Amino acid sequence: MAALCCSVSSFHIPNNNALYPITTATTSTITDQQYHLTTLSTKLYSTEPSSPLSIITKSQEANRQNDLMIGEDSGMYNFENEKWGALGEVGWVTFFAAVATILTAVAVLWVYPPTGYGDDFVHFLETDIANGNSHVVTLLFGIIFPIVHSGLASLRPYGEKIVGARTWRVIFAFPSLCLSYSWIVYFISHAHDGIQFYDISHIGWVHALAWFINFTSFLFLYPSVYNLKEVAAVEKPKIHLWETGVIRITRHPQYVGQVMWSAAHLAMVGTSFTALTMALLIGHHYFACWNGDRRLLAEHGDDFLKVKETTSVIPFQAILEGRQKLPDDYYKELIRAPLILIALGSIGAYFAHPYMQAGAALARSSGLSPGGILDPLFPLN
């Protein structure tokens, strides 16, 4: 291929007018051919490096000659194609309006105690069921959240037929956001409960290693979250079959990321409560591996089975076994705007930890505000 490129790029017609007289029309035609062939060679095989900024703002496709070419290229982004648009159109104005609406609904109906029901729910679990045992509360969260989250995900094909893909995304997202918020706040408030197996958080290199593992774990977010407009139901949500990016390393990156995140936090907080919570999170994501494969098979059929043969759940297994070959320019699939945004967000989350802890302490000390904003709609006789 390299020899062919060189011959194409250096292609020329010798000037042998004495032997073979050439008319003006013929000369023009040959010149055009030379130009187009040389231009094509330059576009296809140019080795001139692009600036990091240009790679981020306009994703470049890696060499996919060894791919099946039946799955999507994850994380592709072109800043030039992004439009603000008007409210109601598929643009960023509608996206921010949708996100603001759903977060406001979560805040009013769940987070803020005088109007929301999150405090009532946690109080019910903690007082009426667990009798004050925080381990039982996190166990209940570990049962309820997977049922709601994975259950609604599994009902997606039926729900979309009734209310449509966008509405079902909202129905799916709202309870998941509410339960996620409550479980995270409860975990932060009670992370040091129970038996203290060890405490190595004061060791500098342990803290640094845990931070690095935690940071890396966020880069394993499933590529479906890369399209924010789709996540917010501004664009029609789809069940994507991905073939590139982090999928080459592991077919279930969210599971791997959760294991890494849990291990990092358990290393820093060696209590029985934290160990139980991390085990529940990993268990849910392990189940999601099976459930995710099942949903992908139902949506994509044989195409998914072919992608499954070239990927693995265990990181790098398919690569080591020769079933997956990383492109020489694999970095192009990683230096993309969505991953950069996630990396910046994870760094921001680290520095926001003191505020998270303060917010969790405030939520814990606020106590119970019975009822909520919807009580007038359901009066008790």
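Is F187 buried or exposed, and what is its relative accessible area? In this predicted model, F187 is buried, because its relative accessible area of 12% falls under the 20% limit for that class.

**Aromatic pairs**

The structure contains 16 aromatic pairs. In one of them, the ring centres of W110 and F121 stand 5.7 Å apart with their planes at 45°, so this pair is tilted. The two residues belong to distant parts of the chain, W110 to helix α4 (residues 92–111) and F121 to helix α5 (residues 118–129), and eleven residues separate them. Both W110 and F121 are buried.

Another of the pairs joins F187 and F273, whose ring centres are 6.3 Å apart. The planes of F187 and F273 meet at 15°, so the pair is stacked, as the limit for stacking is under 30 degrees. F187 is located in helix α8 (residues 165–190) and F273 in helix α12 (residues 272–300), so their pairing ties together parts of the chain that lie 86 residues apart in sequence. F273 is buried, with a relative accessible area of 0%.

R295 is partly exposed, with a relative accessible area of 21%. E299 is likewise partly exposed, and its relative accessible area is 48%. Each of these values lies between the 20% and 50% limits, and therefore neither residue is classed as buried or as exposed.

For E299 and L241, the C-alpha separation is 8.9 Å and the distance along the chain is 58 residues.

**Cysteines and a polar contact**

How many disulfides does a search of the whole structure find? The search finds zero. A disulfide is a covalent bond between the sulfur atoms of two cysteines. Among the cysteines, C178 is buried at 2% relative accessibility, and C289 is buried at 8%.

S134 is placed in helix α6 (residues 134–154). This serine counts as buried, with 7% relative accessibility. Which side chain does the side chain of S134 contact? The partner is the side chain of D193, and the polar contact spans 2.9 Å.

**Accessibility of selected residues**

The table gathers the relative accessible areas of residues discussed above.

| Residue | Relative accessible area | Class |
|---|---|---|
| F187 | 12% | buried |
| F273 | 0% | buried |
| C178 | 2% | buried |
| C289 | 8% | buried |
| S134 | 7% | buried |
| R295 | 21% | partly exposed |
| E299 | 48% | partly exposed |

Terms used
Residues are numbered from 1 along each chain as its sequence is written. This is a predicted model: local features need pLDDT of at least 70, side-chain atom pairs count only at pLDDT 80 or more; totals for chains, interfaces and linings use all residues. Side-chain values use heavy atoms; hydrogens and water are left out. Rings of Phe, Tyr and Trp (its six-membered ring) pair if their centres lie within 6.5 Å; planes under 30 degrees apart count as stacked, over 60 as edge-to-face and the rest as tilted. Helices (H or I, at least four residues) and strands (E, at least two) are DSSP runs, numbered from the N terminus. Buried means under 20% relative accessible area, exposed over 50%, partly exposed in between (1.4 Å probe, protein chains only). A disulfide is a pair of cysteine sulfur atoms within 2.5 Å. A polar contact is a pair of N or O atoms within 3.5 Å; within protein, one must be able to donate a hydrogen and the other to accept it, and residues adjacent in sequence count only if both atoms are side-chain atoms.
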